[in-house]
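I opened a new notebook page for this chain today. Here is what I looked up, entry by entry.

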Amino acid sequence: MTLTASNIQHVFLALMALSVLTECLLTILHTHAAERAATCVPAPFERKLSAAAHRKAADYTGELAQGRLLLVFAGAGIALLLTYGQGLTLLASLAGALSSSALIGEWTVIALVLLLLIIADIPLGWFLRCRIPRRFGYLTENEGLWIAKNFKDALTGWLVALPFIAAAVALFESIGQYWWLLAWFFWTLYLVWRWRIGPNWSILRGRRVKPLRDAKTRAMVKDFLRLQGYEMRDLLVMKRPSGWSHSHLVLCGFGKEKTVVVFAHAAAKLTREELLALIAHDIGHAKHFHAGLRIAIFSLAGLLLAWFTGWGARNDAFFAGFGFSPYVTLARDGAHAGFVIATAIVVFPILFYPLRPLVNLFARAMQYDADAYAVKTVGADALVRALVKLHRDYATTLTPSRLYSIFHYARPHAGMRVAAVEALVAKMKWPSDKPAQAAYPGAPNVFDISGYLEPGEAQPVVMPARRKCPPKREAVTIVERETAEMQAADTLRDAEPVRIDSTPAAETEAAAQELAPEAADRTTNAPGSLEAALEKTETLDVGKVDVASAEKPDDVAESTLDTDQNTDASGTTAESAASTGAAPMADTSPKAR
């Protein structure tokens with residue numbers, strides 16, 4: 001089929017309609033999936049989440065899905081406005097009026113398109129990422145401050161990107177019609193940095209690390225790596241960098257020598273066996289060449305995409321098909337790379353929407369493959385416990401729609417990974433409490449972890465956190481605390497009174513002293529007492545926790561590496577209060593009130 005302007009226009013409009021209708025269907029499926037499972041907490045997470053919090057997460061998930069659907073409609077409207085509404089043509093005409101230079105004109109069009117998208121994203125992002133979380137109590141930040149902060153960050157990023165865009169456009173224009181090959185080369189370099197050089201070199205640069213000193217853990221990891229064909233250079237602990245929100249440890253190093261970097265939040269929560277399961281997961285990625293496979297596939301896809309943009313820069317059908325007048329693009333001298341990039345920013349998210357589930361399925365398949373390797377070499381139970389312990393996002397449902405997650409999540413949900421591990425063990429009839437390789441007599445490279453574990457069932461964590469204060473319980477709101485105190489006072493008032501007749505004062509005092517302990521016992525054990533209210537807070541209730549706590553590691557992990565924090569009056573560090581999102585416990589004594 002010949003690519004004419006009419007064909008391109010029809011394909012683009014059809015894909016836009018397909019994307020909008022598909023997102024409507026996915027939103028319905030996702031909301032119903034969360035609603036169906038709202039009454040029952042998944043078995044592995046029963047001790048981590050209360051039924052009420054799970055119910056609230058289902059409602060929050062439905063609200064978020066509907067909010068994202070509004071963004072889809074808004075995005076489609078903006079794309080129509082900039083393409084067939086002649087928005088790109090108007091911007092190019094404005095740029096041409098400002099300067100006769102083709103280079104400056106192309107750079108100006110890209111800059112204006114990005115600025116318009118930033119301005120449109122502020123109110124839409126406010127509704128999705130601020131308004132809805134505030135309604136459910138997951139965000140306490142002032143809305144005006146939130147808007148100002150996000151607009152400032154977006155504008156700063158835009159200003160920082162402008163000189164790099166100018167340099168790229170100038171370089172592409174200087175090369176000529178084969179500029180797309182250079183663009184593909186830059187894309188491949190980024191892939192190599194993202195999946196090979198970055199994890200192995202940049203993560204330790206300029207960051208504070210410390211060796212994990214537990215002798216048994218070091219010996220266990222060293223022996224396990226040697227059995228898998230690697231040598232351990234060192235075993236380190238560090239705070240998780242901000243760009244590694246989905247990672248819990250990293251195997252650094254090229255070749256067979258590896259430095260195992262465990263992030264502090266994982267070291268403070270996992271036992272030795274659970275940590276070994278995560279290490280086996282990363283070894284599975286390395287042994288099955290997942291990084292190289294990603295680079296090869298995405299580089300090939302980038303080459304095809306770069307060729308398409310190079311073809312579009314020389315043909316008026318490309319610009320006319322997307323509503324961008326060739327009279328203001330091809331009429332100018334040069335390679336027209338800037339005009340193609342501006343068009344791609346607007347239309348490519350819709351044009352390549354059908355490829356999104358394929359890309360996500362490919363990434364998820366590698367995660368499941370690495371989980372299977374961990375099950376074979378360490379065991380299913382240890383991996384499941386590690387996944388449950390390290391899962392943090394309890395604000396959204398634990399049971400998302402599978403079809404919705406394929407379109408929107410590059411990584412499988414923790415609940416899906418647990419279900420996949422359990423299904424694999426049941427299908428293959430493998431033991432769950434030991435490496436699956438042990439089910440085959442005479443199998444090579446079976447690692448026996450029993451010699452590295454402590455006696456008894458309860459195992460210590462890899463690196464216990466050093467606290468400056470005793471562990472505090474979940475925050476109780478001021479209203480709940482005052483209600484509990486009033487109920488305790490009512491119970492004390494309703495206790496059996498001391499009858500005072502005509503007995504002497506000494507006898508009356510003695511009788512009161514005998515009855516006082518009984519009244520105190522009844523008050524202490526009363527269902528509405530403060531202690532009973534505090535006992536009920538042992539189960540996590542995300543309704544009292546800021547949504548930021550679902551995205552940041554625990555303060556327990558942070559205190560293992562940084563013990564120089566300022567401590568507030570209640571004994572809780574300022575960094576701990578900021579990371580958990582919970583307000584400090586209020587002083588509700590009678591004197592304070």
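**Entry 1: α10 and α12**

I began with α10 and helix α12 (residues 337–351), whose axes come within 12 Å and cross at roughly 130°. For my own reference, helices (H or I, at least four residues) and strands (E, at least two) are DSSP runs, numbered from the N terminus. Axes are lines fitted to C-alpha atoms, for helices over the stretch in contact, and angles run from 0 to 180 degrees between N-to-C directions.

α10 and α12 are therefore oblique to each other; I use roughly parallel for angles under 35 degrees, roughly antiparallel for over 145, roughly perpendicular for 65 to 115, and oblique for the rest. The crossing of α10 and α12 is right-handed, a term I apply if the near helix is turned clockwise from the far one by less than a right angle, with anticlockwise being left-handed.

Which residues make the contact? From α10 I listed Leu305, Phe308, Thr309 and Gly312, and from α12 Val340, Phe348 and Leu351. Contact here means heavy atoms within 4.5 Å. By class, the contact of α10 with α12 has five nonpolar, two polar and no charged residues. The classes are Ala, Val, Leu, Ile, Met, Phe, Trp, Tyr, Cys and Pro as nonpolar, Asp, Glu, Lys and Arg as charged, and the others, Gly among them, as polar.

Residues are numbered from 1 along each chain as its sequence is written, and side-chain values use heavy atoms, with hydrogens and water left out.

The chain averages a pLDDT (the predictor's confidence in each residue, from 0 to 100) of 81, and 78% of the residues score at least 70. Over residues 494–508 the pLDDT is below 50, and this stretch has seven contacts in the model beyond near neighbours in sequence. Residues 515–593 also have a pLDDT below 50, with 139 contacts beyond near neighbours in sequence. Where pLDDT is low, the predicted coordinates should not be read in detail.

**Entry 2: α6 against α10**

Next I followed α10 (residues 290–312) to helix α6 (residues 179–201): the two pack at an angle of about 160°, with their axes 9 Å apart. That makes α6 roughly antiparallel to α10. The crossing is right-handed.

On the α6 side of the contact I found several tryptophans, including Trp179, Trp180, Trp184, Trp187 and Trp195. Among the α10 residues they share this contact with are Ile295, Phe298, Leu303 and Trp307. I counted up the classes for α6 with α10 as 13 nonpolar, five polar and two charged residues.

**Entry 3: the sheet**

In what order do the strands of the open sheet run? I read β1-β2-β4-β3, four strands with mixed pairing. The edge strands are β1 (209–211) and β3 (249–252), each pairing on one side only. Two strands pair if DSSP finds at least two bridges between them. The twist averages 30° from one strand to the next.

I then went pair by pair:

- β1 and strand β2 (residues 231–238) run antiparallel and are joined by three bridges; Pro211 has Leu236 in β2 as its bridge partner.
- β2 and β4 run parallel, with seven bridges; Glu231 is bridged to Glu257 in β4.
- β3 and strand β4 (residues 257–263) are antiparallel over four bridges; Leu251 has Val260 in β4 as its bridge partner.

Helix α9 (residues 272–287) packs on the sheet, where it touches β3 and β4, and its direction makes about 50° with that of β3.

**Entry 4: α3 and α4**

Last, I checked helix α3 (residues 87–98) and helix α4 (residues 102–135), whose axes come within 9 Å and cross at roughly 130°. That makes α3 oblique to α4.

Note on methods:
Predicted model: local features only at pLDDT ≥ 70, side-chain atom pairs only at ≥ 80, totals over all residues.
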